[in-house]
Amino acid sequence: MVDEAAFKRVMERIRPDDIVALARKMIAIPSPNFEEGKITDFMAERMRELGMEVTSMDVPHPFQKERKTRQAVGRLKGEGNGPTLMINGHLDVNVEMPGWTVHPTEGKYEDGWIWGLAAQDDKGGLAAALCAISALREAGTRLKGDILYCPVASHKLGGTGTRTLVKNGVRADYCINIEHAANTIGSVTVGSVRVRLRTNTPGLFFRFTKEARDAYFNPIEQQALFISKFGPSLVQVPQGSWLTYTPHKELPNFPMIRYDVVSKEHYGRTCDLVFQIRTVPGMTLEGVRKDIERVVAQCKRENPALDCEIIIPANGPDDPFYMEPSELADDHPLVAALTRGYELATGEKPQVGGVERIGNFGDGNVLHAAGIPSVQFGPGNIKLYPEWPAPDERVHISELMTTARTCAYAIMELCG
Ligand SMILES: [Zn+2]
């Protein structure tokens, strides 16, 4: 438990003006995916100012050899023998959607709203968390454990920056994954498996003999057969049909699939279908593979000319888009600390579970799979917009204050 007077001293030092100023500076530095170098340097400088040990690292592109970006990690050392808490959020921004009414990097600030690309996803939350750390330091808070502040690159490419952290041996005992979650505590998240089915035919479309005709099954029609078995996108795969799972009460309508790619050259003999399955806790890569193999085998029995290669994950064993689902109990120390922090910050009870992030995953999933318990927690309500990504992204300073205060409390409780 955290001493209330000590927390009050920290709260008083979390100043809205500081958060707004930092968030606006971050928004003003453009940082599309894999072009995070400039903002990384800016963040490294801010972290050094707070007395953090800063480590910079290259982040190699998962698909394009030679291409890389960079990210920096800041460690604020505790006095020793306490748990390490990671704060992880991404610096790469969404694609710029048409329809912005302000310039996406001008950082307009009006009536408490900060506008701009990444205002809520994730620069605003990262700014709030860093100001929380600054307030802890200013208040002279003594912590046993370390705070590890990780503004990562390339979240949009399957968490490539965070995967690089893990590969480079960065470890922590807990992680708050700053993602816009309307300051709900996202302790249950879906995972994602991409599946590639590559159908093949022995010849093209001229089939003169009966034998040749019998051996021919158009590769697109093979995919159509599969689609008829897998069912429609964006609805729950019915229980007891082709996919094996136990429904999760925090993730209604999941698991679900979504078709992403069908491709075939005019004169090509193969056709690729790529679809993803958003999984629920309890589902595994192996389990999904077996379910897909069963469907393909059944189709093959119905149509002996069917010829299909199954590739799971779709981009090979190191597929950056493979994510495991995650789940933490309400009484897990990380969830409990955020819950208490939110209550003290707002005087209200937080929503805990899947809530605002149902169907989404984040870098927390990568860390969770690497053995670092993670939750998603951050400012910004995606439901402000008819769809996401959206133009006119914005976040309110009151939300950022809640994020900062809640994070400060969780740090004090977990690292204290
Ligand atoms: Zn995000």
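View 1. Strand β3 (residues 85-90) runs parallel to β6, and 6 bridges join the two. Helices (H or I, at least four residues) and strands (E, at least two) are DSSP runs, numbered from the N terminus. This is a predicted model, in which local features need pLDDT of at least 70, side-chain atom pairs count only at pLDDT 80 or more, and totals for chains, interfaces and linings use all residues. Residues are numbered from 1 along each chain as its sequence is written. Look for Gly 89, which stands opposite Pro 151 in β6. With β2, strand β6 pairs in the antiparallel sense over 3 bridges, and here Arg 75 is opposite Leu 148. Pairing of two strands requires at least two bridges found by DSSP.

**View 2. The two faces of β6.** Strand β6 (residues 147-152) is mostly covered, with 6 of its 6 residues buried. A residue is called buried if 20 or more other C-beta atoms lie within 10 Å of its own, exposed if 12 or fewer, and partly exposed in between, with C-beta atoms placed from the backbone. In a regular strand the side chains alternate between the two faces of the sheet. Here Ile 147, Tyr 149 and Pro 151 point one way, while Leu 148, Cys 150 and Val 152 point the other.

**View 3. Lys 68 in strand β2.** Lys 68 lies in β2, which covers residues 68-76. Lys 68 counts as partly exposed because 16 other C-beta atoms lie within 10 Å. Leaving out residues up to four places away in sequence, Lys 68 touches Asp 58, Val 59, Pro 60 and His 61. Contact means that the C-beta atoms of two residues, placed from the backbone, lie within 7 Å. Thr 141 is 73 residues from Lys 68 along the chain, and their C-alpha atoms are separated by 38 Å.

**View 4. Helix α4 and the glycine after it.** Helix α4 (residues 119-138) is largely enclosed by the rest of the structure, because 18 of its 20 residues are buried. Just after α4 you will find Gly 140, with a positive phi of about 70°.

View 5. Domain 1 spans 4-189 + 325-415 and domain 2 spans 191-311, with bounds that come from an automatic or database domain assignment. Taken over C-alpha atoms, the domain centres are 37 Å apart. Domain 1 brings 9 residues to the contact and domain 2 brings 11 residues.
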